[in-house]
Amino acid sequence: MTNIFHERVFSGVQPTGHLTLGNYLGAIRKFVAMQERHECIYCVVDMHAITMPQNPTELINATRSVAAAFLAAGIDPAQHIVFNQSRVHEHAELAWVFNCVARMGWLNRMTQFKEKAGKDRENASVGLFAYPALMAADILIYRATHVPVGDDQKQHLELTRDIAQKFNNDYSDRIAELGLGIEMHIGRETVSGYFPLTEPVIEGPATRIMSLRDGTKKMSKSDPSDLSRINLTDTADEIARKIRKAKTDPEPLPSEAAGLAERPEAANLVGIYAALADMESDAVLAEFGGKAFSEFKPALADLAVEVLSPVAGEMRRLIADPGHIDGILADGAERASAIAAPVMADVRRIVGLGA
């Protein structure tokens, strides 16, 4: 075996509902930073979206909106790949192979399925149950070594690693026979096999942005209350109003981050400020510790408007030209297919599907 593997980043965002500040800070801004030092593939995962009921026309527009957010945030579609998942059929084909590799017990432990299915699990779609296998296929069809994600997706990345390891183990003799094995150095780990053990990249403050109405719940595109989130397309007035109405407690801000331990709403707002300003929470509290929220919230609103307004403006401009976005997605899909097709051809040979 030879160490000929290089680092490649893959990540994706579902086109459901309005993109929020959580999507931007937890994922999209990290995508932009990683393109400076990695080969990057960024995907609008529209096939994942249909695990729950969708209006087809709205799904098409939401797909364009996510692509516009990628571009508006600073992702360069000429140097890197931006596309939507359904244009590259190898995602679905590899997902079926992984459905046959993954174990039911693994999928039963996925907390996001339990949250989305709720109490009526028998009525949930098979797609919702099995979609972590599709997520693994999204990543491994490009043999990606790193995935920038929010910490709520870490469990799915661990499953991706389990699937890759089991595939490598189950077909180790065949991989060696075909001469397709590669020794890969991922961080401190040396992996022998066909697929890498992908590493999650979870870094920086506020890796999980919480609801503005309930600091114990994740900021969500699907929350019924629009006041619970800041949408990337919100105007400056809307951003300021939502931050002004954000739930807090009556105590002033502490002087150290340890003082936020039992104060979820305060911790969330401080974390948002830290992430927007690219600083640590302790540094925020060094400036605002001892001050009331009536003084902190206007500063947070001003910062949020300063950071998000250019992104929102560029998104609106791009969305007004859907043909331009569709052209970028089509070009990205062609380039993504050029990577995915030979990987899927190898997998077919490894598992015995065709010569």
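Modeller: In this predicted model, helix α1 crosses helix α3 in a right-handed sense. The residues that α1 brings to the contact are Tyr24, Ile28, Phe31 and Val32, and those of α3 are Ala69, Phe70 and Ala73. By class, 7 residues of this contact are nonpolar, with no polar and no charged residues among them. The two helices span residues 21-34 (α1) and residues 56-73 (α3), and their axes come within 9 Å of each other, crossing at roughly 55°. Angles from 65 to 115 degrees count as roughly perpendicular and those under 35 as roughly parallel; α1 and α3 are therefore oblique to each other.

The protein chain is split into domain 1, made of 6-203 + 320-349, and domain 2, which covers 224-316. Between the C-alpha centres of the two domains the distance is 30 Å. Across the boundary, 13 residues of domain 1 are in contact with 14 residues of domain 2. The area buried between domain 1 and domain 2 is about 1,200 Å², and carbon and sulfur atoms give 71% of it. On the side of domain 1, the residues that lose the most area to domain 2 are Leu21, Tyr24 and Ala72, which together account for 41% of what that side buries.

Helix α4 (residues 90-99) packs on helix α7 (residues 126-140) with the axes 8 Å apart and an angle of about 125°, which makes α4 oblique to α7. The crossing of α4 over α7 is right-handed. From α4, the residues His91, Leu94, Ala95, Phe98 and Asn99 meet Ala130, Ala133, Leu134, Ala136, Ala137, Asp138 and Leu140 of α7. This contact comprises 9 nonpolar, 2 polar and 1 charged residues.

The remaining pair is formed by helix α10 (residues 236-245) and helix α13 (residues 293-319), whose axes come within 9 Å and cross at roughly 145°. Here too the crossing is right-handed, with α10 passing α13. Ala236, Ile239, Ala240, Ile243, Arg244 and Lys245 of α10 make the contact with Lys297, Leu300, Ala301, Ala304, Val305, Leu308 and Ser309 of α13. The classes in this contact are 9 nonpolar, 1 polar and 3 charged residues.

Terms used: Residues are numbered from 1 along each chain as its sequence is written. This is a predicted model: local features need pLDDT of at least 70, side-chain atom pairs count only at pLDDT 80 or more; totals for chains, interfaces and linings use all residues. Side-chain values use heavy atoms; hydrogens and water are left out. Axes are lines fitted to C-alpha atoms, for helices over the stretch in contact, and angles run from 0 to 180 degrees between N-to-C directions. Helices (H or I, at least four residues) and strands (E, at least two) are DSSP runs, numbered from the N terminus. Angles under 35 degrees count as roughly parallel, over 145 as roughly antiparallel, 65 to 115 as roughly perpendicular and the rest as oblique. A crossing is left-handed if the near helix is turned anticlockwise from the far one by less than a right angle, and right-handed if clockwise. Contact means heavy atoms within 4.5 Å. Ala, Val, Leu, Ile, Met, Phe, Trp, Tyr, Cys and Pro count as nonpolar, Asp, Glu, Lys and Arg as charged, and the others, Gly among them, as polar. Domain bounds come from an automatic or database domain assignment. Buried area is the accessible area (1.4 Å probe) that two parts lose on being put together, summed over both.
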